[in-house]
Amino acid sequence: MKRILVTGKNSYIGTAFIQYAREHCPEAFRIDTVSMRGAAWQELDLSVYDAIFHVAGIAHADIGHAAESVKRQYYEVNTDLTLKAASLAKAAGVRQFVFMSSMIVYGGREHVCPDTVPSPSNFYGDSKWKADCGVRELADDDFRVAVLRPPMIYGKGSKGNYPVLAKMAKKLPVFPRVNNRRSVLYIENLCEFLCRILAEGRGGIFFPQNEETVSTGDLVKAIADCSGHRIRITPLLTPAVILGKHMPGKIGDMCRKAFGSSWYEPEMGGMEWGYQVADLKESVRRTEAPEDPRENLRDTPAESFAGESRGMPPEGGEPLVSVTTVTRNSEKTIARTIESVLNQTYTRLEYLIIDGLSGDGTVEIAESYRERFAARGIAYTIVSEADRGMYDAINKGIRLSHGDIIGNINSDDWYEPEAVEKAVRFMERTGCDYMYADLRMVKTDGTSFIKHAKLQKLATSRGWNHPTQFAGRKLHLQYPYKLESLHDDFDFFLKVRKSGLRIAVLNEPLANFTMEGISHERRLKAAVARGKCRYRIYRNNGYSRWYLLECVLIEGAKFVLHFI
């Protein structure tokens, strides 16, 4: 577990990061905060920290009306204080320093590409740029410096330009359509990015941003739609905006600020790992959604976080169970899957559908169930966006979930009505960290048989049933799916076996499995590919070459079962 110090107590970004890490990476970080007001923070023993995340600073300056004393304060806080913190961190042996710079260092540039040289146009941007340069000069092999230059950051409780646009979106009947282009960054996407670079101890210059750029009109329309307000985005007002941009004084500044372009080349924000927790539509929905009374993160002092899981029930209470379903073009089967979750006897439940941009009616079918889930008091989330396959989608669902126990049911399979309740009671009774149960295998002709769950000394999937598994949240956070093959779930199972944590088996059928799809494709080429993949997973987890025989037998059994 890495120990992180966030400088800037009660800052928006710092608090959001702590809450996000507390929820999604409870085993990865222990996080403290410190106020940078006064000189007392300089007496803190920084040597106990692996990384400093420096967010203390002043933003949102009134550039045109600032007195010289105000300008000096920006340099004292944004520049001098930052360099002081970085110097003390380096001297104390801290390994990583993460600094929140800003896109403002590029001044009024509309389009920023990798070779664009920063050129601040005001004292706020210049104070950030001087700190940006200064902390990077301190970097060496033993002191990695990560500088982030994000565009406009938005999310629930954010400050700056977004709340102004949101206020207009909820009140105005019309809004100008201007074809400008802006890079923006949703706060949870930033937090996921931060978790990654802190976990890996990275240094360098980074440009975190949402995958898609957006026009001001499109952003306002998205906010209005989420708020239930009808607004018309019309080109009839565009001439007034164009005229306003050329006016001197405050009106001109506001028009240029609201309707000008300011965007990064999209590839500048790319990383080898994904950090897009939510796209524009979903992020605005989360930002504008009323507070969920079940979420009490904001009631917990940020500095008290020491890695506990958000999903843990209060003493004597029922655990929250998160169930995820990943989909893509599943309109023929998704309703049965959803119904099986909706009709669970256990109701301290949340359900997340992670869709990979289906081209059929999958999402529409899923959306049609919102009122029924709400009526039962079950939290219901639908995300539809591009992903890198099934296991990337499952990882995403886990990151977005809140439960202490997590299950996954695929979009062509379905639960028995008491599946979740039986799983929870079984985990409580046995004290296990991970469990799975019997599975009903349903063939294409409608007949079925029970595949009995077993926990054998020999590591094999013959007695293991993925659709029936339920695991403590910490396991999924510790062993995310690797995105390497169709059998990432089996790799997860083997890792759990080797972890030494308690595994238990329930000999009752909890789910129904449809024997179709690529996992049961009978072509010899497909069977050979699956066998090779499973064998590689065995070897990667330290198992002997004799497991090649088990891979051959499993594929042979699948072939035979189709003709029985």
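1. Leu 510 counts as buried because its relative accessibility is 0% (buried: under 20% relative accessible area, 1.4 Å probe, protein chains only). Leu 510 sits in strand 21, residues 503-514 (strands are DSSP E runs of at least two residues, helices H or I runs of at least four, both numbered from the N terminus). Beyond residues up to four places away in sequence, Leu 510 touches, among others, Tyr 415, Ala 419, Met 435 and Phe 470 (contact: heavy atoms within 4.5 Å). Its C-alpha atom is 9.9 Å from that of Asn 465, 45 residues apart along the chain.

2. This is a predicted model; local features need pLDDT of at least 70, side-chain atom pairs count only at pLDDT 80 or more, and totals for chains, interfaces and linings use all residues. Residues are numbered from 1 along each chain as its sequence is written, and side-chain values use heavy atoms, without hydrogens and water.

3. The average pLDDT is 84, and 84% of the residues score at least 70 (pLDDT is the predictor's confidence in each residue, from 0 to 100). Residues 292-316 fall below 50, with 45 contacts beyond near neighbours in sequence. Residues 517-521 are also below 50, with 14 such contacts. Where pLDDT is low, the predicted coordinates should not be read in detail.

4. Helix 13, residues 390-400, is mostly covered, with ten of its eleven residues buried. Among them are Tyr 391, Asp 392, Lys 396 and Arg 399.

5. The contact between helix 1 and helix 5 includes Phe 17 and Tyr 20 of helix 1 and Leu 190 and Leu 194 of helix 5.

Technical notes. Buried means under 20% relative accessible area, exposed over 50%, partly exposed in between (1.4 Å probe, protein chains only).
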